[in-house]
Amino acid sequence: MDLNLNGKTALITGGSRGIGKAIALALAQQGVQVFLNYLRNKKAAEAAADEIEAASGQRPLLFKANVGDQEKVQALITELKEHTDQIDFLISNAASGVLKPGLELTRRHLEWTFEINTYALLFLVQAARPLLPQGARVLAISSQGASHVIPDYAAVGASKAALESLVRHLSVELAPEGLHINAISAGVVDTDALKHFPAREQLISNAASRTPAGRLTTPEDVANVALFLCSDLAEMIHGQTLVVDGGYRILA
Ligand SMILES: NC(=O)c1ccc[n+]([C@@H]2O[C@H](COP(=O)([O-])OP(=O)(O)OC[C@H]3O[C@@H](n4cnc5c(N)ncnc54)[C@H](OP(=O)(O)O)[C@@H]3O)[C@@H](O)[C@H]2O)c1
């Protein structure tokens, strides 16, 4: 299906692995020029660029920056401006966070988690605003912990709840400028991120067995919804969080 995205540009934060890489790949295959941000793992970023180039014929440029640091985000956008004067799709996907019970969390744990998972969206929109044309799409990636309790997920869950709220508020502020800001809330996706969960195996097997659709959500499932939200088909969707989890979350 031609989604009419050919020739557009996208910045994907945390685009070197997992869900971000799948979104970058899906956009590149639609003819979008993609710019990938990563933080620490250059090898993975280069491998993602290889994979995207092989699949789309275009090699993405890589930008190392901590999106939780406002100055680094500004520097990233300044560097990006040397290569494009427009960002049609701004995908705020990178995330991190401290996995601990709520009562063990310190101020620094919360600050670290919120800076990367929540503030980054605001830093990115503020810095990139001059480059966002009428009709631009901003997407944030959220998770079930925004609305449900997951063991050791207090900091990340709270940061994602704040992220979804920020999406709604920014959406109303910027819709008059023709900007669309939405979130995708993914089910459990077996990426490197899960390696940090103490009960990874249990989390995966529980999600797989309880999901009405009969399988885990994949990075490609999330990327397909990102494509939809970036397309003209989603013209009237503003400030929403779309859940992509095979029906897992609607179970009692
Ligand atoms: N996996 C799941 O089950 C799941 C479910 C729901 C929602 N999500 C959300 O989906 C998004 C992607 O998750 P994932 O599972 O694909 O993660 P992942 O596989 O762990 O990949 C994380 C990516 O983010 C980058 N990154 C981390 N901290 C960064 C920072 N401060 N600045 C810039 N880049 C940074 C990493 O780059 P380096 O490798 O260079 O550090 C990497 O590219 C996140 O928002 C996550 O919360 C995931």
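Modeller: The account below begins at the ligand and then turns to helix packing. Please bear in mind that the model is predicted.

The ligand has 30 residues around it, and Gly14, Gly18, Ala95, Thr191 and Ala193 are the ones that come nearest. By class, this shell comprises 14 nonpolar, 13 polar and three charged residues. At least two shell residues are supplied by each of α1 (18-29), β2 (33-38) and β5 (137-143). The largest share, three residues, comes from α1.

Helix α1 also packs against helix α7 (residues 219-230), at an angle of about 50 degrees and with the axes 8 Å apart. The two helices are therefore oblique to each other, and their crossing is right-handed. On the α1 side the contact involves Gly18, Ile19, Ala22, Ile23 and Ala26, which meet Pro219, Glu220, Val222, Ala223, Asn224, Ala226 and Leu227 in α7. These residues divide into nine nonpolar, two polar and one charged.

Helix α3 (residues 70-80) and helix α4 (residues 107-128) pack at an angle of about 40 degrees, their axes lying 9 Å apart, which makes α3 oblique to α4. This crossing, too, is right-handed. Gln70, Val73, Gln74 and Ile77 of α3 make the contact with Ala120, Phe123, Leu124, Ala127 and Ala128 of α4. By class, seven residues of this contact are nonpolar, two are polar and none is charged.

How values were computed. Residues numbered from 1 in each chain as written. Predicted model: local features only at pLDDT ≥ 70, side-chain atom pairs only at ≥ 80, totals over all residues. Axes fitted to C-alpha atoms, helices over the stretch in contact; angles between N-to-C directions. Helix = DSSP H or I, 4+ residues; strand = E, 2+ residues; numbered from the N terminus. Parallel < 35°, antiparallel > 145°, perpendicular 65-115°, else oblique. Left-handed = near helix turned anticlockwise from the far one by under 90°. Contact = placed C-beta atoms within 7 Å. Nonpolar A, V, L, I, M, F, W, Y, C, P; charged D, E, K, R; others polar. Near = placed C-beta within 6 Å.
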